[in-house]
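Good morning, and thank you for making time for this. Please have the sequence and the model open while I speak.

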Amino acid sequence: PVNEPRSGIELGRVIELARADLTRHHMSLEIGLFDLRSRRWLTGRGADPEGFPTDGYVLALGANETLLLASTPADVLTEEIVSLIQDRVIDETGRPWPTVQVDGETPAVLEPRLVDGTLVWMSHGTPVARLGQLAPEA
């Protein structure tokens, strides 16, 4: 396959899992990933992004387009995609997402991390849930 990350994690799948977590929390976000080398959308659709180099990916979050370099290691790239989605949700809602209650204290904001080949949401170094498997928000 063209332009797939070396770790075997399919970038389109990463976005599907992030979408699943958004849905569980009653949110939606227009997310697309465009492969600059093959000039096709891996997920999502729209007008082809312009003004970017010929290699790498463009992550489209609504009208916001971000270049993701093909030379970036796959584990960093997958974390970066989820982190950018997370930042966009926070920008749109004005509140941290996702969060988890830790020991009855202030909710902790979860961070995406790749652990043993699996993307997980972490809180203070502890895995809370796999990407795509966040507990539903009431």
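Predicted model: local features only at pLDDT ≥ 70, side-chain atom pairs only at ≥ 80, totals over all residues.

Of the contacts in the chain with a separation of 6 or more, 48% are between residues 24 or more positions apart, where contact means heavy atoms within 4.5 Å. Residues are numbered from 1 along each chain as its sequence is written, and side-chain values use heavy atoms, with hydrogens and water left out.

Let me turn to the overall architecture. The chain contains two helices and nine strands; these are DSSP runs, with helices being H or I of at least four residues and strands E of at least two, numbered from the N terminus. Along the sequence their order is α-β-β-β-β-α-β-β-β-β-β. The radius of gyration is 15 Å, close to the 14 Å that the globule rule gives for 138 residues, so the chain is as compact as a globular protein of that length. Here the radius is taken over C-alpha atoms, and the rule is 2.2 Å times the number of residues to the power 0.38. Along the principal axes, the C-alpha atoms fill a box of roughly 50 × 30 × 20 Å. Of the 138 residues, 38% count as buried, a term that means under 20% relative accessible area, with exposed meaning over 50% and partly exposed in between, for a 1.4 Å probe and protein chains only.

Leucine 61 is buried, with a relative accessible area of 3%. Leaving aside residues up to four places away in sequence, leucine 61 touches Leu29, Glu30, Ile31, Leu84, Ile85 and Arg88. Its C-alpha atom is separated by 9.6 Å from that of valine 89, 28 residues apart along the chain. For another pair, aspartate 103 and valine 82, the sequence distance is 21 residues and the C-alpha to C-alpha distance 26 Å. Aspartate 103 lies in the loop between β5 and β6 (108–109) and is exposed, at 71% relative accessible area.

Next, the aromatic residues. How many aromatic pairs does a search of the whole structure find? The search finds two. The rings of phenylalanine 34 and tryptophan 41 have their centres 5.1 Å apart and their planes at 70 degrees, so this pair is edge-to-face. By definition, rings of Phe, Tyr and Trp (its six-membered ring) pair if their centres lie within 6.5 Å, and planes under 30 degrees apart count as stacked, over 60 as edge-to-face and the rest as tilted. Phenylalanine 34 is buried at 0% relative accessibility, and tryptophan 41 counts as buried at 18%.

Tryptophan 97 and tryptophan 121 also form an edge-to-face pair, 5.6 Å centre to centre with 75 degrees between the planes. Tryptophan 97 lies in the loop between α2 (74–93) and β5 (99–100) and tryptophan 121 in strand β8, so the pair ties together parts that are 24 residues apart in sequence. Tryptophan 97 is buried at 2% relative accessible area, and tryptophan 121 is buried at 1%.

The backbone also deserves attention here. The peptide bond from tryptophan 97 to proline 98 is cis, with omega near -20 degrees. Histidine 26, although not a glycine, has a positive phi of about 60 degrees. Histidine 26 is found in the loop between α1 and β1 (31–35) and is exposed, with a relative accessible area of 59%. Aspartate 116, again not a glycine, has a positive phi of about 50 degrees. About 160 Å³ of space lies in the largest pocket. On a 1 Å grid over the protein atoms alone, a pocket is an open set of points where a 1.4 Å probe fits, with protein on both sides within 12 Å along at least five of seven lines, and lining residues have an atom within 4 Å of a point. Grid points are joined across faces, edges and corners, and the volume is the space filled by probe spheres set on the points. The lining has 11 residues, of which Leu17, Gly117, Thr118, Leu119 and Leu131 lie nearest the centre of the pocket. Both α1 (11–24) and β8 (118–123) supply at least two residues of this lining, and α1 gives the largest share, three residues. By class, the lining has six nonpolar, three polar and two charged residues; Ala, Val, Leu, Ile, Met, Phe, Trp, Tyr, Cys and Pro count as nonpolar, Asp, Glu, Lys and Arg as charged, and the others, Gly among them, as polar.
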